[in-house]
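Biologist: Please take a close look at a single part of this model and describe how it is put together.

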Amino acid sequence: MDIADIATPDFIEVDVNERLGKVRSIFERENPKGIIVQDDGEYAGVIGEKQLINSHVEDNTKAAALTKAVPKIDRHENVREVARMLVEGDTKVAPVYEGEKQYGIITQDAILEAVLDNLDALTVEQIYTDDVVTVGERDHLGQAINRLREHGVSRLPVVNDEGRLEGILTTYDLVEFMVRDEGRQGKQDRRGDTDRMLDLPVYDLMTSPARTATPGESVRDAVARMMEHDIAGLVVTPADDDGEVLGVVTKTDVLRALTYTEEEQMDVQVTNIGLIETLSRADINSAITEVADKYQRMSVLHAHVRFHEHKEKLRGTPLIQCQIRLRTSHGQLAGSGEGYGAEHAFHVALDKLERNVLEVKGFEADERYRGQLLRKLNEL
């Protein structure tokens, strides 16, 4: 399947010199998945919700400051490859071209709607993220924003003092809060300057109750529920306890599953690949394969490596966070670490991953990821 029929010619674009204040108001008014940025009529990149949240940039700053380079996609590209490009580009929207002419855009939602019926071959348990980051309902919004930035996530399950699920806080909630009219008020009718706002408790802004999914339900049902309620993710809880947080499943997790293959070589996906300079995809693949091979009975279906750049630098080299996650016949295994430069961060994370792999060595588990689900996904 290619994206010829699911790409849309309807999109919003702004010039690189547009004020970010206007860009923020467009997100509030139109709720787009992203905005295409043009420079003198030429494609320059996109701006998404994450860029707005991850920035303290003032409203008078030009849009160019937050524009993110996202590759152009051919209108007849395969949907599996487009899913990979969106995940690796850490974006929900990308420009679509027909030859040299911009045709429109492709969005995360358009792809998921097109493949929805194929997703009944997957269960939530097979794709959700279990190393979940949470925030307390009494924590301040400033703490929540820092946690979103630090971990590069788009949503935080909100828990009470006993660790029980109370709600969800997302980047969309924060974007809406940041651009709301002065007259609009929170649950406790408190307003003030920016510092005062960041001191508000998470409770004031969270959505409650949080919408959930169970490990055993189909991904098709989970995605349909996301579409119905216009949300990008669900908190995963046990079937018999909707207060215990097991993890989070998002639309990005589903897109990542579309890139799974039946090839003998392990499938490795890299998010924010532009941050790696001295490493290649082949180097990353080889290193992870070597670690995975330390436990021959463990079958690795998919590896995801995510790089995230912090503002801190050492002699010009940025502090990088690296997260490695394997989806295996023994469940999810992960390792994370920080270092100055992507290569250093990768090897710190790799060392932690290796320790986790060796911890499970010697235990048997059935392979859960082959057969029907891959055959059905490969029909796309």
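Modeller: Strands (E, at least two residues) and helices (H or I, at least four residues) are DSSP runs numbered from the N terminus, and two strands pair if DSSP finds at least two bridges between them. The model is predicted: local features need pLDDT of at least 70, side-chain atom pairs count only at pLDDT 80 or more, and totals for chains, interfaces and linings use all residues. Residues are numbered from 1 along each chain as its sequence is written, and side-chain values use heavy atoms, leaving out hydrogens and water.

The part in question is an open sheet of four strands, ordered 13-14-15-16, with mixed pairing. Strand 13 (267-271) and strand 16 (331-340) are the edges; each has a single partner strand, so one side of each has no neighbour in the sheet. On average, neighbouring strands are turned by 15° against each other, direction ignored; axes are lines fitted to C-alpha atoms, for helices over the stretch in contact, and angles run from 0 to 180 degrees between N-to-C directions.

Strand 13 runs parallel to strand 14 (residues 300-314), and five bridges join them. Along this pair, Gln 269 stands opposite His 304, and Thr 271 opposite Arg 306. Helix 10 (residues 281-292) packs on the sheet, touching strand 13, strand 14 and strand 15 (317-328), and its direction makes about 125° with that of strand 13. Contact here means heavy atoms within 4.5 Å.

Strand 14 is also joined to strand 15, antiparallel, by eleven bridges; Val 305 has Ile 324 in strand 15 as its bridge partner. The hairpin of strand 14 and strand 15 has two residues between the strands, and in it Arg 315 takes a positive phi near 50°.
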